[in-house]
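Colleague: I have not looked at this one before. Could you walk me through it once it is on the screen?

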Amino acid sequence: SFSSGCILFKRQPAVCLLLQKIKTEHATPQLYTTLHRRACSTVSTPRITTHYTIHPRDKDPRWEGVEMERFADEADVVIVGGGPAGLAAAIRLKQLANKHEKELRVCVVEKAPQIGAHTLSGACLEPSALTELIPDWKERGAPLNTPVTEDVFSILTEKYRIPVPMMPGLPMQNHGNYIVRMGNLVRWLGEQAEEVGVELYPGYAAAEVLFHEDGSVKGIATNDVGIAKDGSPKDIFERGMELHAKVTLFGEGCHGHLAKQLYKKFNLRENCEPQTYAIGLKELWMIDEKKWRPGRVEHSVGWPLDRNTYGGSFLYHLNEGEPLVALGFVVGLDYTNPYLSPFREFQRWKHHPFVAPTLEGGQRIAYGARALNEGGFQSIPKLTFPGGLLIGCSPGFMNVPKIKGTHTAMKSGMLAAEAIFPKLTGGHRTLTPEWGPWLHVPEYAENLKNSWVWKELYAVRNIRPSFHNYFGLYGGMIYTGIFYWIFRGKEPWTLKHCGTDANQLKPAKECTPIEYPKPDGKISFDLLSSVALSGTNHEGDQPPHLTLKDDSIPVARNLGIYDGPEQRFCPAGVYEYVPLDTGDGMRLQINAQNCVHCKTCDIKDPSQNINWVVPEGGGGPAYNGM
């Protein structure tokens, strides 16, 4: 695979000799990239990226004379993302406004065509935050139909299962929790939000952060529509609209593309560790009713992953009138072998003798994937900045050992609302003399630090990084047993993570390729038939929203050094390397229509060359209650 980098330069023997020298002398990937960039100055690279964020329209003659003015609207609060955190914040704001008889305009923009359509989670819900927000949720018909009745935890070997007792107090214990289909819960939360007066705008993707001249956040702009795949304007081109607000809440979910910009502009990650992530893959199955155990929760670690690859599985038995199970597999994105495929590990896991009997004779009815935050307490950035703040999974409030983040995300949104409301209504606005009022709400971060969210995340802060030891999984479990179960996380130290996930891959020549069995079409399946079950669709004639900062990097570096890992870590078949038409090299092909918006590519790309941006609003997966 290393030699594939030379194929592109077969007419330049000096370059090939240099590449071979790197291979034999173990030179750094940075040197390899530098040499390729020099070589690419004389070699034509096929154009992949046409998006205006890489190729500005003001330098494109095709855009001359096109009307670029945007309509602007004003609100008190704009919330980006109609997930649990964003909706909880919106509901709480309107609850407070209605209680105190105050006029407050709260707008939520959501890129999915319907509220909840892009939501994917396990999910075993801890209902604490929901109960705080809407105490009578049962009477209001919240779709929490399956209380947990049985907890099972296992360590899997290739052929056997080692049961692990669920001791009271361990993070994985689920007494009092509910198995839910999170998309259905989010849709219900949207209904509650509208009931109290929140304005919801599904199908509108927030594409840009707007700033005042003093640098404070002014609001957001939604995406333009009617742009052709080659980046030119169509006859139906329309500019997005601007939404201005006194304060903007960013609740985009894990690895939000606007939050990434805010981290840099306001240096929000200055005093925290890099965020680390995992990819979660999920399927819904209709199984034989004789095998159905409503309320049963199963988790496992171990096979098919080795002890040095973090991950595990879940299998939840739902109780919604038919024999449904939700099952999934989570792989930490700090894995090192570029040949690892999280999707194929998931398919292989389903054949384990402890798992397969549940699925035999059943039918798979849905599939999806999403990245999730795993950095925990150490990776929480600064949460507030002039004109805005971060809530939910965007900054990362997931309790990793619990595999739960919905309750903490919702609570963060509620705390944000409670900090904002008195400033909006009590005359405590910060005034910028020329550009009008905006809010800075540092009280939100203080409220969060004094809440149960902070205490919960602090107590489990060392469990995920404890995995990084010689014994891997088993060392981490021993650490958890001693320092969490016995001492409840009160050890006087905080362990560090190992850096960004993008920097963890080893060169392909240092790793052993993984031979995955072929799917049988009954329990395990191929990637493209799986993506078809996600309902994913994008308008085909639009610029790919998987943008590359440099179109030459994929072949020059990712394929040359790592054997094209994006072909394997993407759970939707978006990336593939295909021969050039001339037959003298390879090129990267991006199948953007397949994208399920998981963000894994943006996170794991070893060159950090991929930048995920929003497609036209309404595109993406159509998860039916996932």
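Colleague: Where is Pro304 found?
Modeller: Pro304 sits in the loop that runs between strand 15 (296-302) and strand 16 (311-317), where helices (H or I, at least four residues) and strands (E, at least two) are DSSP runs numbered from the N terminus. The bond joining Trp303 and Pro304 is a cis peptide bond, with omega about 10°. Please keep in mind that this is a predicted model, in which local features need pLDDT of at least 70 and side-chain atom pairs count only at pLDDT 80 or more, while totals for chains, interfaces and linings use all residues. Residues are numbered from 1 along each chain as its sequence is written, and side-chain values use heavy atoms, with hydrogens and water left out.

Colleague: And what about the peptide bond from Gly122 to Ala123?
Modeller: The peptide bond from Gly122 to Ala123 is cis, with omega near -5°, and Ala123 belongs to the loop between strand 2 (106-110) and strand 3 (124-125).

Colleague: Changing topic, is His244 buried or exposed?
Modeller: His244 has a relative accessibility of 8% and therefore counts as buried, a word used for under 20% relative accessible area, with exposed meaning over 50% and partly exposed in between (1.4 Å probe, protein chains only). His244 is placed in strand 13 (residues 242-250).

Colleague: What does His244 touch?
Modeller: Not counting residues up to four places away in sequence, His244 touches Ala72, Asp73, Glu74, Ala75, Val78, Leu210, Lys218 and Gly219, where contact means heavy atoms within 4.5 Å. With Asp73, the separation is 171 residues in sequence but 6.1 Å in space, C-alpha to C-alpha.

Colleague: With which side chain does the side chain of His244 make a polar contact?
Modeller: That partner is the side chain of Glu74, at 3.3 Å. A polar contact is a pair of N or O atoms within 3.5 Å; within protein, one must be able to donate a hydrogen and the other to accept it, and residues adjacent in sequence count only if both atoms are side-chain atoms.

Colleague: Which residues touch the most other members of the largest nonpolar core?
Modeller: They are Leu249, Phe250, Ile420 and Tyr444, in a core of 77 residues; such a core is a set of buried Ala, Val, Leu, Ile, Met, Phe, Trp, Tyr and Cys residues joined through side-chain atoms within 4.5 Å. Helix 10 (residues 406-425) gives this core its largest share, ten residues. Another core, of 72 residues, lies apart from it, and among its members are Leu120, Leu281, Leu359 and Leu588.

Colleague: How many residues of helix 15 are buried?
Modeller: Ten of the ten residues in helix 15 (residues 553-562) are buried, so the helix is described as mostly covered. The buried residues include Arg557 and Asn558, and Asp563, which follows helix 15, has a positive phi near 55°.

Colleague: What is phi of His597?
Modeller: Phi of His597 is near 65°, a positive value in a residue other than glycine. His597 lies in the loop between strand 25 (586-590) and helix 17 (600-604), and at 4% relative accessibility His597 counts as buried. Gln608 also has a positive phi, near 45°, and is found in the loop between helix 17 and strand 26 (610-612), but Gln608 is partly exposed, with a relative accessible area of 35%.
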